Amino acid sequence: MFEINYVRAKSLSDATASIRAHPEAKLLAGGMTLIPTLKQRLAQPSHLVDVGGLPELSGIELKAGQLAIGSATKHYEVAASAVVRKTIPALAYLASEIGDPQVRNRGTLGGSVANNDPAADYPAAVLGLGATVVTTQREIAADDFFQGMFTTALEDGEIIVRVLFDVPKRAAYEKFAHPASGYAMTGVFIAETKAGMRVAVTGAGPGVFRWSDAEKALAQQLNPAALDELTVDASNLNEDLHATREYRANLVKVMAKRAVAKLLAGK
Ligand SMILES: Cc1cc2nc3c(=O)[nH]c(=O)nc-3n(C[C@H](O)[C@H](O)[C@H](O)COP(=O)(O)OP(=O)(O)OC[C@H]3O[C@@H](n4cnc5c(N)ncnc54)[C@H](O)[C@@H]3O)c2cc1C
């Protein structure tokens, strides 16, 4: 038996003070990862600081070509948002494909990004769109935020407030979902941004990564056939009972080609 003190934060500053006051505390958003982790005794925090209902972490706003999504925004809210569907439909689609209705009604953008599960969907969009993670301390570019399996640039006591997405010209996401959980065996997010083509891969490797060869090829020719001659190095990819690393390497290419076709079709 171990005891946990539950604290419902009244404001963002209250949450920051609580998390700083208790070095063994953990933030709680929707609990979709944290609660199972506690049940399995993989974490034993002294306090749970609940930020799930904080108004400062909620809301979806479009300002000057940039979409700001609060970290406590639930997946179903992103999937159903008229403004997300209009400006970045690939992001709304990605959110609609996460887990099941229960998970989409509890799980949050901030929790998913902070957790950085190697098979999670949101990291692919955040990296693929070159988004910015805004925390209580600073702004972190997606390229610097994700640092490998379950590891991010977040420091102790740092809370994700919102994620800023520059609206791309076009974007698309395709994943080969694990049939039981919905997590990505391999998912590829492709975006045509002002800064050029970006291709982010989740599920295949130990963490989300950019496929730079594909970015270069698509910059030359924005067509699925541009990826025909590319090969994906399987040596650093994940291997488990669901798929070998060679199978995942093939999935990266297949999902990327499908995403390009979808992007061109404007779906
Ligand atoms: C059955 C099942 C199926 C799923 N399928 C998928 C899937 O198909 N695709 C997918 O991408 N995900 C999937 N998920 C994960 C889900 O999308 C959740 O978003 C994810 O588990 C995070 O949960 P949460 O938002 O409730 O955060 P919590 O579980 O509450 O927190 C997760 C971690 O993030 C930290 N945290 C939370 N909020 C913040 C914040 N604002 N700032 C800093 N740190 C914070 C917490 O301290 C904790 O360490 C699945 C989960 C389950 C249980």
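Let us start with strand E11 (residues 196-202), where 6 of its 7 residues are buried, so that the strand is mostly covered. Buried here means under 20% relative accessible area, exposed means over 50%, and partly exposed lies in between, using a 1.4 Å probe and protein chains only. Helices (H or I, at least four residues) and strands (E, at least two) are DSSP runs, numbered from the N terminus. Before going further, please note that this is a predicted model: local features need pLDDT of at least 70, side-chain atom pairs count only at pLDDT 80 or more, and totals for chains, interfaces and linings use all residues. Residues are numbered from 1 along each chain as its sequence is written, and side-chain values use heavy atoms, with hydrogens and water left out.

Now look at the partners of E11. Strand E10 (residues 184-193) pairs with E11 in the antiparallel sense over 7 bridges; two strands count as paired if DSSP finds at least two bridges between them. E10 and E11 form a hairpin with 2 residues between them, and Thr 193 stands opposite Gly 196 in E11. E11 is also joined to strand E12 (residues 209-210), by 2 bridges in an antiparallel arrangement. Here Ala 200 is the residue opposite Arg 210 in E12. This hairpin of E11 and E12 has 6 residues between its strands, and Gly 203 in the turn has a positive phi of about 85 degrees. As background, strands of a sheet pair through backbone hydrogen bonds, either parallel or antiparallel.

E1 and strand E3 (residues 47-50) run parallel and are joined by 4 bridges, and the bridge partner of Val 7 in E3 is Val 49. Contact means heavy atoms within 4.5 Å, while axes are lines fitted to C-alpha atoms, for helices over the stretch in contact, with angles running from 0 to 180 degrees between N-to-C directions.

Thr 108 lies in the loop between helix H6 (101-106) and helix H7 (109-115). With a relative accessible area of 5%, Thr 108 is buried. What does Thr 108 touch, not counting residues up to four places away in sequence? Its contacts are Ala 29, Gly 30, Ser 71, Ala 72, Thr 73, Lys 74 and His 75. The side chain of Thr 108 also reaches the backbone nitrogen of Gly 111 at 2.9 Å. Ser 81 sits in the loop between helix H3 (75-80) and helix H4 (82-87). Ser 81 is buried, at 10% relative accessible area, and a polar atom of its side chain lies 3.1 Å from the backbone nitrogen of Val 84.

Backbone angles are worth a look too. Most residues other than glycine have a negative phi, and most peptide bonds are trans. Ala 64, in the loop between strand E4 (60-63) and strand E5 (66-70), has a positive phi near 50 degrees. At 87% relative accessibility, Ala 64 counts as exposed. Phe 150 has a positive phi of about 50 degrees although it is not a glycine. Phe 150 belongs to the loop between helix H9 (142-145) and strand E8 (160-166), and at 47% relative accessible area it is partly exposed.

Finally, step back to the whole chain. The chain has 11 helices and 12 strands. Its radius of gyration is 18 Å, close to the 18 Å that the globule rule gives for 267 residues, so the chain is as compact as a globular protein of that length. That radius is taken over C-alpha atoms, and the rule is 2.2 Å times the number of residues to the power 0.38. Along its principal axes, the C-alpha trace spans about 55 × 45 × 30 Å. Buried residues make up 51% of the 267 residues in the chain.

Notes. Polar contact = N/O pair within 3.5 Å; in protein donor to acceptor, adjacent residues only side chain to side chain.
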